[in-house]
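This briefing covers strand pairing, salt bridges and aromatic contacts. It is meant to be read alongside the sequence and coordinates.

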Amino acid sequence: MNEKNQIAVSMGRVALAKPVQRRLLIPLTVVLLLLVAGFSFTLVRIQQRNLDQASQQVLKKSSEKLSKSLIIQAQSLDALAKVFALEKKLIEALQVQDRERLLVGYQEIFSQLHEEHGITHFYFHRPDRVNILRLHNPDKYGDLIVRFTALEAERTRNTSAGIELGPLGTFTLRVVHPVLVNDQLIGYLELGKEIEDILDDIHDEYQVELAVAIRKSALDRYKWEAGMKMLGRESNWNRFSNAVLIYSSLSRFPAECVDLIDHAEHEHEDANLESEFNGRSWRIMLSSLTDVSGAKVGGLFVFNDITMEKAEFVKTLTIITLFCLSLLAGLLVFLYLILQKTDNGIRLQQVELEQQTAIAQQMAAEAEMANMAKSMFLANMSHEIRTPMNGVIGMSGLLLNTDLSDEQRSYAETVCSSGEALLCLINDILDFSKIEAGKLDMEILDFDLRSLLDDFAKMSASKAHDKGLEFICAVTPGVPTFLQGDPGRLRQVLINLTGNAIKFTEKGEIVVRASLKEETDENVVVRFSVCDTGIGIPHDKQELLFQQFTQVDASTTRKYGGTGLGLAISRQLSEMMGGEIGVISHVGQGSEFWFTANFRKSSKKQPTLSPIENLHDVRILIVDDNATNREILMVQFKAWGALSDEAPEAVTGLRMLREAAIAKKPYRVAVLDLQMPDMDGVELGKIIKTDATLSKTSLMMMTSLGERGDAQLYKEIGFSAYLTKPVRHSELFEALKVILTGKSCKFERTIVTQHSLQDMRPDKVSLLLVEDNIVNQKVALALLRKLGLSADVAANGIEAVKALELTSYDLVLMDVQMPEMDGYEATRQIRDPESKVCNHNVPIIAMTANAMLGDREACLDAGMNDYLAKPVKPQVLAEMLDKWLPAEIKSATRTSKSEAGTEQKMAANKENSLPVFDNEVILEHLMGDHELAQTIIAGFLEDIPQQIQTLKKALAATDITHAERQAHTIKGASANVGGMILSELARTMEKSVSLGDLCAAKAKLPELESQFERLQEAMQAIYG
């Protein structure tokens, strides 16, 4: 078919389409009609607003007129009262309280004032406010006057004025003037005037109708009815529900006014409505009325006639509407002609568009092929880079564990840190490329949120503690434990945000929280936050943080490093988890990065840590100087049913313990922090255990700075438990049960530690490493040795299957790409029930340099249990082994020598003569980090002379408590850095001081200084 024929066919197809004018004309007509209607509606709203403003202006003028008139009248009455108070006949009669003389002298004057000035009340009172004479009602006297104006005049001894609601239900302007003779009070003169004449003036001046309603709650019905009858006014108490009418310039009210008048009962400032009655249109407004005491007692109603304004508006609106409709008709004709012309142009454009669409489809197919090639390139690049990187990082790590010169160690550490930085960059770029391509899938797996956060906290805490930061990780008790989602991606975001917090924080704390934001029957939204006390972020830079390749500024990038992709990836991942991400920060005050994630509830039954018998109502005292730690423990203990209190420092905690003991409500457990100002947890524990009234309180030590041999020390003091932060929720719960009942642990208990809660299993672990690369074999075996484990090695899948046929291994670490038989096929044969392997369900963990989309899924589809991307870090490998090894042998991954190791080594060295400096001790403690050891030793050598001087002063002052603590400090510090002789000597001195033998301790001081000098020489010989 030639080009002309194609165009003809295309024109035919277009001709069948519905013309644009037919499709658009009706909607445009509707839109224009809506515009006219909207314009009319806007005019109505403007008119209503104008009427509102005009009516409000009338209300404002009326209220101001009332206020000004009251002020003027009050001033007039005050002036009149001052004139009367100077008259001699009034003073003489008031001094002797002669009511007859007062009646004769002022009755005629009152009548004249009433006729000419509308004064309705004229009183004389004694100094004690008892009424002597009412000129307007002479028969009533002798009663105590307790109105506000009278009380205020008595209090200030000055004239008091204002409107008051009287017992008869009228608003009266009153002026009470104290009468003084030689600064001595002889009585009061009171003048009063009703406000009806003022309201009549406002009615005449502004041509508005007025009414005053008083709240029934402020009146006595029978007194009010009697008063209205006496004044000759209507007294219909039941006319309205909540108020009575005491004044009105209208003869009748519309029905709509009833609710508004009853509105006066409530304490609203203003209310208004529009009504039609008496053949007129009215805007009715209400303003609260307040008496001189400030009490709201009723409302002033203003009726504004708006009949003329409304008529003028209706006329204007009609003219405008007719004009708009005429304009609309002409516009529609014009649009019809324009759209008809547009149809003809569109027909030609559609032909060209179809031709361009065909070209675009061809280009899209070529782009898809290019994208596939890009994905293949990224997969190959990932594998090819990760394989040598595994060797670089792994072998440099092994090299750092050997004896090196300072220069060699510096070079090796640079290689290792550079390799890890490059690996992070590769991971970020690969993750970002997968997200941008829309090929990063989220897994839906069952996982335990609390276990995930506990494992994450253990890993992150070590990095925080290395910088001297407090690290806290907590879950709000209401958050479900078992969820469905992608735990790996959740952990990735947490690690990213926490790593940034640690990187940008030099002192203070890092706090990670998980709290429940929303919950339904099937889903939960969890809010995670990471708070730090770091450098903070300027407000104008916060929006840029979550964009790719962006950091706060260039200087930050140079100082702290980073790709600028981490937060962008975190934002994408949080959105893929159905949530959002944000930051709250102030420069110099720290930051809070938060994100939310939507998870399904797992079908597993959620654990219920409801109050149980041995924790319910148990009284626990938390003594910790860190407010966040106290808050988290308080919330957790409350969720478990315990009754907990908190103290910010040791002295307060000791006082609370003693007060509770005196009140016969002692605390059963005291949770103490080690490091506190003024008095640390060790000293507080000693005081508690030596106090007969407190010694039965069980003690739990919690610290982030555990030292070797501390468990034995705390046991000797009397502590029942010793846990290192961050503490797993389950370990804390179990430790509390153990120290309260002793029934939960199945081992011979000396002191409860995190290791004693775990180490109840055999120490033999059988592992198989399947790896064809010799370098990778060495790296993996070295990592396992660091964890106290060993493994058999198979070079390919065939050897692995044969090994599993001969031995039942506990776990297999499987490479994927190998000669002869790869890891996928080997796993399929292991899982095959027809194969000869001993254990078809053995956990298999993939260890591969592949980290692209689908690699993890391919491993899981082949039957593997989990997936590790090379290069593998020791902490990540330890967590994976802890996750998949059978429960009864997991302790092999925790071959902790932190407590027993040093003590055993010290005991062995005692038999073989203690060395001055054992370098292996500090390197073992720091996982072979030579540079960190050098830094710590430099600080130790600078600090110990000061500690020795402090010990001297304490011994000279016979201060046993401080001398014992100082000797203990020197002992622990020396043991941690391998100063065996110095540590043993300090231990001997500590024991002498604790026994009260200060002379023996003083005798050891010269030897202590001599041994420190020897230790200093030995350390400097190795570390310079």
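**Strands and sheets**

An open sheet of five strands runs in the order β2-β1-β5-β4-β3, and its pairing is antiparallel. The edges are taken by β2 (131–134) and β3 (160–165), each with a single partner strand, so one side of each has no neighbour in the sheet. From one strand to the next the twist averages 25 degrees. The model is predicted.

- β3 pairs with β4 (residues 171–181) in the antiparallel sense, over six bridges. Within this part of the sheet, Leu 165 has Phe 171 in β4 as its bridge partner.
- Elsewhere, β12 (residues 470–475) and β14 (residues 509–519) pair in the parallel sense over six bridges. Phe 471 stands opposite Ile 510 in β14.
- β14 also pairs with β15, here in the antiparallel sense and over nine bridges. Arg 513 stands opposite Ser 529 in β15.
- Three residues separate β14 and β15, and the two strands form a hairpin.

**Salt bridges**

- The whole structure contains 29 salt bridges.
- Arg 126 and Asp 128 form one of them, with 2.6 Å between the closest N and O atoms. Asp 128 is partly exposed at 38% relative accessible area, and Arg 126 is partly exposed at 26%.
- Glu 592 and Arg 527 form another, the closest N and O atoms being 3.2 Å apart. Glu 592 belongs to strand β17 (residues 590–601) and Arg 527 to strand β15 (residues 523–532), so the pair ties together parts that are 65 residues apart in sequence. Glu 592 has a relative accessible area of 18% and is buried because that value is under 20%. Arg 527, at 25%, counts as partly exposed.
- Arg 630 and Glu 646 meet through their side chains in a salt bridge with an N to O distance of 2.8 Å. This pair links distant parts of the chain, with Arg 630 in helix α15 (residues 627–639) and Glu 646 in strand β19 (residues 643–647), 16 residues apart. Arg 630 is buried, at 11% relative accessible area, while Glu 646 is partly exposed at 35%.

**Aromatic pairs**

- There are 14 aromatic pairs in the structure.
- Phe 110 and Phe 122 have ring centres 6.2 Å apart and planes at 85 degrees, so this pair is edge-to-face. Phe 110 lies in helix α4 (residues 99–117) and Phe 122 in strand β1 (residues 119–125); the pair links distant parts of the chain, 12 residues apart. Both Phe 110 and Phe 122 are buried.
- Phe 528 and Phe 595 have ring centres 5.0 Å apart and planes at 20 degrees, so this pair is stacked. Phe 528 is in strand β15 and Phe 595 in strand β17, so the contact ties together parts that are 67 residues apart in sequence. Both Phe 528 and Phe 595 are buried.
- One aromatic cluster is formed by Phe 84, Tyr 106, Phe 110, Phe 122 and Phe 124.

**Charges over rings**

- Lys 89 places its charged end over the ring of Tyr 106, 5.0 Å from the ring centre. Tyr 106 belongs to the aromatic cluster that also holds Phe 110 and Phe 122.
- Arg 99 has its charged end over the ring of Tyr 141, 3.8 Å from the ring centre.

Note on methods. Residues are numbered from 1 along each chain as its sequence is written. This is a predicted model: local features need pLDDT of at least 70, side-chain atom pairs count only at pLDDT 80 or more; totals for chains, interfaces and linings use all residues. Side-chain values use heavy atoms; hydrogens and water are left out. Two strands pair if DSSP finds at least two bridges between them. Helices (H or I, at least four residues) and strands (E, at least two) are DSSP runs, numbered from the N terminus. Axes are lines fitted to C-alpha atoms, for helices over the stretch in contact, and angles run from 0 to 180 degrees between N-to-C directions. A salt bridge is a side-chain nitrogen of Lys or Arg within 4 Å of a carboxyl oxygen of Asp or Glu. Buried means under 20% relative accessible area, exposed over 50%, partly exposed in between (1.4 Å probe, protein chains only). Rings of Phe, Tyr and Trp (its six-membered ring) pair if their centres lie within 6.5 Å; planes under 30 degrees apart count as stacked, over 60 as edge-to-face and the rest as tilted. A charge sits over a ring if NZ of Lys or CZ of Arg is within 6 Å of the ring centre and within 35 degrees of the ring normal.
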